[in-house]
Amino acid sequence: MDLHHIREDYTKKALSIKDCHLSPIIQFEQWLSEAINARVNEPTAMNIATIAKNGRPSSRMVLLKEVNPQGFVFFTNYQSRKGLEIAENPFGSLTFFWSELQRQVRVEGRIEKIPEVESDIYFASRPYSSRLGAWASEQSQPIDNYKVLLLKSAKFALKFPLEVPRPPHWGGYILMPDCIEFWQGRSSRLHDRIQYRLISGEWEKVRLSP
């Protein structure tokens, strides 16, 4: 398989530093809104990278569930690999890639659990089957086969026929950014890169060389 000649010239848009909002959160919300309006496939999908205490990184795709002035919120099993790595090293990075718009956003910062009441509210909004799945799945642990999951889900359906409480091992995190970079693909690989860094409580933005 020859991958050397797979190329696309990015020509759809440009990104000027003067056109970027003073707040990277507001700038992100504008880009996310444009991605949703453009019907980008899975616009809230993001890669989250964490690092274990041995220094080895791991990454996976999750869904952004909220963005607010404090940061980026997602939900997962606290006992999953990512949950355990966050407990060991509470820093991570996010990457959004919207290929249809030839755009990428990178986010770095500290990760903390959100208040339990907020996790409860979101969990209650999930579909019934998804709430059962949170109980049935010991995320990241080996299982013999798929039937194991189905049987465990059925067991919890009997236990919780109507209301499904949030499992104590499941909830939300917020990544509070101190660095956010907006990348706009440009022709001849001369891409636009605008980086925001949080310095002494204020966001400063610069253009980076591609």
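This section covers the nonpolar cores and the cysteines of a predicted model. Residues are numbered from 1 along each chain as its sequence is written. Local features need pLDDT of at least 70, side-chain atom pairs count only at pLDDT 80 or more, totals for chains, interfaces and linings use all residues, and side-chain values use heavy atoms, without hydrogens and water.

A nonpolar core is a set of buried Ala, Val, Leu, Ile, Met, Phe, Trp, Tyr and Cys residues joined through side-chain atoms within 4.5 Å. Buried means under 20% relative accessible area, exposed over 50%, and partly exposed in between (1.4 Å probe, protein chains only). The largest such core has 30 residues. Phe28, Phe72, Phe96, Trp98 and Val105 have the most contacts inside it. At least two residues each come from helix 1 (24-37) and from strands 1 (45-51), 4 (71-77), 5 (91-98), 6 (103-113), 7 (170-184) and 8 (192-199). Helices (H or I, at least four residues) and strands (E, at least two) are DSSP runs, numbered from the N terminus. Helix 1 gives the largest share, five residues.

Contact means heavy atoms within 4.5 Å. Beyond its neighbours within four places in sequence, Val105 is in contact with Phe28, Trp31, Leu94, Thr95, Phe96, Trp98, Ile180, Glu181 and Phe182. A second, separate core has 13 residues, among them Phe75, Ile114, Phe123 and Ala134.

The model has zero disulfides, a disulfide being a pair of cysteine sulfur atoms within 2.5 Å. Cys20 is buried at 4% relative accessible area. Cys179 is also buried, at 2%.
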